[in-house]
Amino acid sequence: MKLFFALLLLVGTVRAEDVLHLYNWNNYLAEETLRRFEQRCQCRVKQDYYSDNEEMLAKLEAGAVGYDLLVPTGNAVESLIRRDALRPLDKTKLPHLANVKPEFRNPWFDPDNRYSVPYASTVTLIGYNVEKLRALDLPTDTWALIFEPRHLEKIRGKVTVLNSQRELMAAAMKYLGYSVQEADLARWDEAKRLILRAKPYWATFSNSTYIKDLAVGNIWVAHGYSNDMFRAREDAKAAGRPFTIGFTTPKEGAVLAVDSYVLHQSGRRPDLAHRFIDFMLEGENAADVSNAIGAGNTNAAATPHIRPEIAREPAIFPPPTTMARLEMLRDFDPKMRRTLSRLWTEIKVR
Amino acid sequence: MRKPGFAIWAASLAAYAFLYVPLAVVVLFSFNDSVLNAQWVGFTTSWYRKLMSDGDMLRAAANSIGIALLSAAIATALGTMAGLAMHRHKFRWLPFLVLTPVAMPEILLGVSLLLFFRQVLDLTLGFASILIAHITFSIGFVAIIVRARLAGMDESIFEAARDLGASPWRTFRRITLPLILPALVAGFLMSFTLSIDDFVITFFVAGVGVTTLPLQIYSMIKVAVTPEVNAISTLLMALTLTLIVIASRFAPDVLKAKA
Amino acid sequence: MTSSEKLTRWIVTAPPTVFLLVFFLAPALIVVAAAFREPGEFGGLAPWSGLSLEAYRFLATDVIYVEILLRSFAIALLTTLACIVIAYPLAWLIARSPKKRRDLLVLLVILPFASNFLVRIYAWIMLLGPLGLLYTPTAVIAGMVYVHLPFMVLPLYTNLEKHDPALLEAAQDLGATAWTRFWRITFPLSLPGLFSGSALVFIPVLGMFAVPELLGGTGDILIGNLIKEQFLDNRDWPLGSALSIVLTIAVLLLAGLASWGARRGLHGTEAVS
C-alpha cells in the first residue's frame, strides 16, 4: 500500500503539468463528458466544487490560487471582471464559439464576451415530493408553499431552503411582488420579516444536501436549483423509491442564472482551459448538460441532440411567459452588499 | 472494596453501546449495494474497489499522510523541546504560549492563521499553510506528554550526571533521550493522528489542489453521499485505531495526559 | 548557572517559542487588528484607513449577538451535563476495575475517537435521518456529546482512581447510604476531574460549526457557524474577527474559571484526606 502511494505521488508529480483545475458547481458536469475530454486532450481534470457563488468568491478572496476555470453566474462574472481577476479569452482558440445561441451572446455582465463563454442556465425554484404534497393538498406552483405558515404547518420540518443570501431573499422579494434588484431598504426588511416568520417551520438551510434528502424522502419540499431537482428525480427513480420528485417554477417569478466559463488569472494552463471550453462548445458535448444534468442550454448546436422529454420540461426550458417573470441577479454596490449581508446574519441568528 | 454494582455495569454498557452503534452502522453500510444508501439492499465490496480507483480520494489520502508524517516529525521535535523547557526552566509565559493552542477552539486557530497567511505573508494557501497549521496545534500535545513523562522521573540521575561532569548535550543524548523515548513515540503518533484527522483548521487554510482526506469526506458528505464515504471512513478508522493501540503500548500515560 | 547551561536553556526554549510566537501569537493579534478594519469592496479587508469601530458597533447595537453567544453557552452546558451523566458510571467502572481490565476498558473508550471527526458526525446523519430527528437541536446535542465524550471520561476516571476506598468503607460502617456516600464523599472529591473534563468539553463545543451545520436545523446556528460564514460566505472579515474576539474572551474567562475550580477542588480534597 505504501508503495502504491509512493508510485502515485511520483506519477502525480510527473504529470502535474497536464492538469486542468476546474472550480465548478457540484452536479454541473457529467462524468462521461469529463472522461471524453480527458481522452481527447490526454490530460487530467481536477474538479473542486462549490454550491453558491458567494462560497466561490469567498474562497478566491481567501487566497485560493491556481484554478484555471471557474463557472460563475452572471453577477459573479461582473464582480470578477471588475476585480481584474479574469484572463481575457483568446477567441482564435475557440472555433466553435459561433454555436452559442444569439440571445446569450454579448451579455450585460460581459459585453462582447471578452471573458466568458455561456455554459448553461438554471432556474432557482421549488422541488417537491409529488405524492406527499398531493396527499396534503398543497399547491406546488407558488412561493407561498415555503413562506406561508398555513401551508408550512402541514410540512413542518420537511422543508429546506437555500443557504444563500441572494437566492433566499430574492425568492421572498418575488413572492412579495418586488424586484430582486430592489433599492428600497424597507422592502428588503419586509422580505426579512417574511423569512423569519417562516424560518421555524424549515428543517435547515441547505445548498446541496437537499438533493439526497429529497431523493431519499427525508425532505418533501426543497428550495433549490432546477438541475439539482432533476438529479433528485433521476436518483429517486433509479433507486426505486415509492414516490416521484417534481419541480416547478413558481408563478410569482424566480431567479434565472446563466453560468459561464471564465479563466482565472492565477490558472497555470490557459491552453487546456481554452481546449476545454471549445470542447464544451461542440453540439454533442453541450447537449450533455441538458440530457445528463437537466440544465437549460445556451448552445444552438446542441438542440438536435437534446432528448425530447427534456426539451419539453418547462422548468428546464422555460416558455416565453415564464421567462418574462424570471430575473437575473446583479451585484449591488458595496454599501448595499454589506447592509444585505448583515441582514442575512440577522436572519440566521434570530 | 465493593465491586461496582449491576446499575453501574448496565449504565456503562449503555454508554459503550452509545459509542459503538453509530460507527458499526457506518461500517456495515459501507457494504450496502445501493447508491442512495438509505436502506439496506444487499452486500457488496464494490465501494472499496471504487475507492481504490478514485484518483481524487487517493491523492487526498497521499496528501494527508504526507502532511501528517512531516508535521508530526517537526511537532515532535519542537514539542519535546517545549516539554523539556517547561519542566526544567520555569518561565512563567512558556506554558501559556505552548498550551493555549491546545485549549483554544479550533475555529479561532483556523481563522487567525487564514488572516495571517493572507494579510501578512501573502502566502498562497496550499501544502505549506496546512503543514504550518498542523505543527502549531500539535506542539502543545507533544509538550504535555513529554512533560508528564519527565515529571514522573527521578531527578537525581540528572544531578549525578552533572556532578560527574557530563555536558548538557551529553546528558540529553545518553540519559534524557532514552528515558523519554516512549513519550516521543507517543507524541509522534498522537500528532500524526491529530493531523490526519484534522478538519476545522485545515478547512480554513487549505488552498487549491491540496485536499486532505477530511476535506474530501466533508465535500462528499455535502455533495455526493454514496457508500464510498462509508468505505473511506471504515478504512480511516482502521488506520487510526492501529496507531492509537500502538501509542498506548509505548506510553499508557498518553491517555491520561490531557487530564 | 554555568554559561553552557544558560546556552542550553535558550537552545531548548527558543525554537518552539519562536515558532509559536510567529504562528500562534502573531496571528491572534492580527485577528484583533482585523476587527478594527473596514470590509474590502470585494470582501476581505479594505486597505488600512484608520481605526474603525464599525464591526463592534454592529455587534453592540443588537442584543441578538449576545443571544447567540448565550445559545452557544446553553448548548455547551447541556452537552457537558449529558457527558457527565453518561461518563460518570463509565469512569467509576473503569476506576474500580482491576488494572488489566482497566486498560482495555479505557482503550475501548478511546477507539471510537480513532475514527475521523466527520465520520462520527456522518454516523449520526445516517442514524437520525430515518428517525426523522435530523436537523433538530436533539441531533446537535447528540453529535456534540458523541464527539466529546472521551474528553470527560478520561480526566474523571484518572481522578476517581485516586480516591481512597477506605473512606467509603468507613462511611458505610458508620451507616451512610449509598447515595450519601456518593454525594458527600465521592462527588466532592471528584470535582477537580469534573472541572477538567468540563473544560475539555465546554470550550471546544463553544467553537464548533460542523456539527450544527450538518446535523442542526434553522434555529441551531451557533457562534462558530456565524464566524465561519463571515469568512467563507459573506466575506465580511472584520465582523468575523470581532466575533472571534468575543468568543476568545469568553473562552479565556471560562478557562480561568475552570482552573480556579480545579485548584479549589484540590484544596477541598486535602482537607478531607
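## Salt bridges between chains A and C

Chain A and chain C are joined by 7 salt bridges, a salt bridge being a side-chain nitrogen of Lys or Arg within 4 Å of a carboxyl oxygen of Asp or Glu. One pair is A:R338 with C:E38, whose side chains come to 3.6 Å, N to O. There are also 14 residue pairs in polar contact between chain A and chain C, both residues at pLDDT 80 or more. A polar contact is a pair of N or O atoms within 3.5 Å; within protein, one must be able to donate a hydrogen and the other to accept it, and residues adjacent in sequence count only if both atoms are side-chain atoms.

## Basis of the report

This is a predicted model, in which local features need pLDDT of at least 70 and side-chain atom pairs count only at pLDDT 80 or more, while totals for chains, interfaces and linings use all residues. Residues are numbered from 1 along each chain as its sequence is written, chains are lettered from A and ligands numbered from 1 in the order in which they are written, and side-chain values use heavy atoms, with hydrogens and water left out.

## The A–C interface

The contact (heavy atoms within 4.5 Å) takes 30 residues from chain A and 32 residues from chain C. Chain A and chain C bury about 2900 Å² between them, and 51% of this lies on carbon and sulfur atoms. Buried area is the accessible area (1.4 Å probe) that two parts lose on being put together, summed over both.

## Chains B and C

Chain B has 11 helices and 0 strands, and chain C likewise comes to 11 helices and 0 strands. Helices (H or I, at least four residues) and strands (E, at least two) are DSSP runs, numbered from the N terminus. Along its principal axes, the C-alpha trace of chain B spans about 75 × 65 × 30 Å. The C-alpha atoms of chain C fill a box of roughly 75 × 70 × 35 Å, also taken along the principal axes.

## The B–C interface

Chain B gives 80 residues to its contact with chain C, and chain C gives 87 residues. The area buried between chain B and chain C is about 7700 Å², with 81% of it from carbon and sulfur atoms. There are 2 salt bridges across this interface. C:E213 forms a salt bridge with B:K222, where the closest N and O atoms are 3.0 Å apart.

Between chain B and chain C, 9 residue pairs are in polar contact, both at pLDDT 80 or more. Helix 1 (residues 6-29) of chain B supplies 14 residues, the largest share of the side of chain B that touches chain C. By class, that side of chain B has 61 nonpolar, 12 polar and 7 charged residues. Here Ala, Val, Leu, Ile, Met, Phe, Trp, Tyr, Cys and Pro count as nonpolar, Asp, Glu, Lys and Arg as charged, and the others, Gly among them, as polar.

## A helix pair across B and C

Helix 5 (residues 106-120) of chain B packs against helix 1 (residues 3-34) of chain C at an angle of about 85°, with their axes 8 Å apart. Axes are lines fitted to C-alpha atoms, for helices over the stretch in contact, and angles run from 0 to 180 degrees between N-to-C directions. Helix 5 of chain B and helix 1 of chain C are therefore roughly perpendicular to each other, a label for angles of 65 to 115 degrees.

The residues that meet include B:L109, B:L113, B:F116 and B:F117 from helix 5 of chain B, and C:V22, C:F23, C:F24 and C:I30 from helix 1 of chain C. The residues of this contact between helix 5 of chain B and helix 1 of chain C divide into 16 nonpolar, 1 polar and no charged.

## Salt bridges overall

Over all chains, the structure holds 37 salt bridges. One lies within chain A, where the side chains of A:R269 and A:D18 meet at 3.3 Å, N to O. This pair links distant parts of the chain, 251 residues apart. A:R269 sits in the loop between strand 10 (254-264) and helix 12 (270-281) of chain A, and A:D18 in the loop between helix 1 (2-14) and strand 1 (19-25) of chain A.

How values were computed: Parallel < 35°, antiparallel > 145°, perpendicular 65-115°, else oblique.
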